[in-house]
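Keep the model open beside the text as you read.

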Amino acid sequence: MKFKEPVAINKLDSTWNGSRAVGYIEKIKRRDESGTEIIEDFVKKIEREDGTISYLFQANLRSNDTMIRLQAWSNDSNPTRAKDLANSFNDGDYVLIEGKFNEREYNEKLYREINVFKISRTTEKENPEMFVTVQLQGIIDYLDYDEQEDLLKIIIKMKRYNSEEYDEYRVVGEPNNPYVNWLMNKSPAVSVGDVIKVGCDYKNEVIKDRYGEIEGIVNRLELGKIYAYGRSKDAPKKTGFGF
């Protein structure tokens, strides 16, 4: 990986969330209580308790061994959006996705998906590499080096649109990544409250041995690079690796 010095962030209150992905779009498959496989349609009708009805475009994207959920809601300004997307694509189409990356914790489990802004039909000749990438700019809310897992762990938070609540994104960095080394050796040290813009690879893979037995599951945002960094005005003046 070629290292490029991160630039300075001047507007510390600015945030960014963008995701791009390439792979095969697939209908969601699940099993009911009897074990029967159910294939869900691309568009789902949602009836709420207050009587309102909404429509959701839903699908999975398979990118090499990684699977991620896609969703796009119809709204007042575009009431046919979900149905239009459902009618535009077929199971197995090779597509380019652009959207916003969502991460939510529910019942102590993390759920990650892409809120789709745009789906474009493409080809393996035009986009031969399959990937799911995420760009985030927000406040560092937590960072530490986990010696047992040999990973740098960062939580980046950003305020939700038109809300006082925050979303959190958990990012890990491998020790052989030059951007991880830059972050760990920076002086003055990086502190909670600083602002950072990162590029990540999303990995959601089932790890199997050579005999096909499942050994584990990897589900994480993996730090690829750091585009920019801004030091909080209230950050303490530490030197060295001062998490």
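## Backbone details

Pro188 is found in the loop between α2 and β13 (195-208); helices here are DSSP runs of H or I with at least four residues, strands are runs of E with at least two, and both are numbered from the N terminus. The peptide bond that leads from Ser187 into Pro188 is cis, with omega near 0°. Before going on, please note that this is a predicted model, in which local features need pLDDT of at least 70 and side-chain atom pairs count only at pLDDT 80 or more, while totals for chains, interfaces and linings use all residues. Residues are numbered from 1 along each chain as its sequence is written, and side-chain values use heavy atoms, with hydrogens and water left out.

Most residues other than glycine have a negative phi, and most peptide bonds are trans. Asn64 is not a glycine, yet has a positive phi of about 55°. You will find Asn64 in the loop between β6 (53-63) and β7 (66-73), where it counts as partly exposed at 46% relative accessibility. Here buried means under 20% relative accessible area, exposed means over 50%, and partly exposed is in between (1.4 Å probe, protein chains only). Glu108 also has a positive phi, near 65°. Glu108 sits in the loop between β8 (94-106) and β9 (109-121) and is exposed, with a relative accessible area of 76%.

## Rings and their partners

How many aromatic pairs does a search of the whole structure find? The search finds five, where rings of Phe, Tyr and Trp (its six-membered ring) pair if their centres lie within 6.5 Å, and planes under 30 degrees apart count as stacked, over 60 as edge-to-face and the rest as tilted. One of the pairs is Trp182 with Tyr229, which is edge-to-face at 5.9 Å centre to centre, with 80° between the planes. Trp182 belongs to helix α2 (residues 178-185) and Tyr229 to strand β14 (residues 214-230), so this pair ties together parts that are 47 residues apart in sequence. Both Trp182 and Tyr229 are buried.

A charge sits over a ring if NZ of Lys or CZ of Arg is within 6 Å of the ring centre and within 35 degrees of the ring normal.

| Lysine | Ring | Distance from ring centre |
|---|---|---|
| Lys27 | Phe42 | 5.6 Å |
| Lys197 | Tyr227 | 5.7 Å |

## Around Tyr94

Tyr94 is placed in strand β8 and counts as buried, at 7% relative accessibility. Leaving out residues up to four places away in sequence, Tyr94 touches several residues, including Val22, Tyr24, Arg121, Pro128 and Met130; contact means heavy atoms within 4.5 Å. The C-alpha atoms of Tyr94 and Lys225 are separated by 27 Å, and the two residues are 131 residues apart along the chain.

## The whole chain

The secondary structure comes to two helices and 14 strands. Along the principal axes, the C-alpha atoms fill a box of roughly 55 × 50 × 40 Å. Of the protein's 243 residues, 39% count as buried. Among contacts with a separation of 6 or more, 64% join residues 24 or more positions apart.
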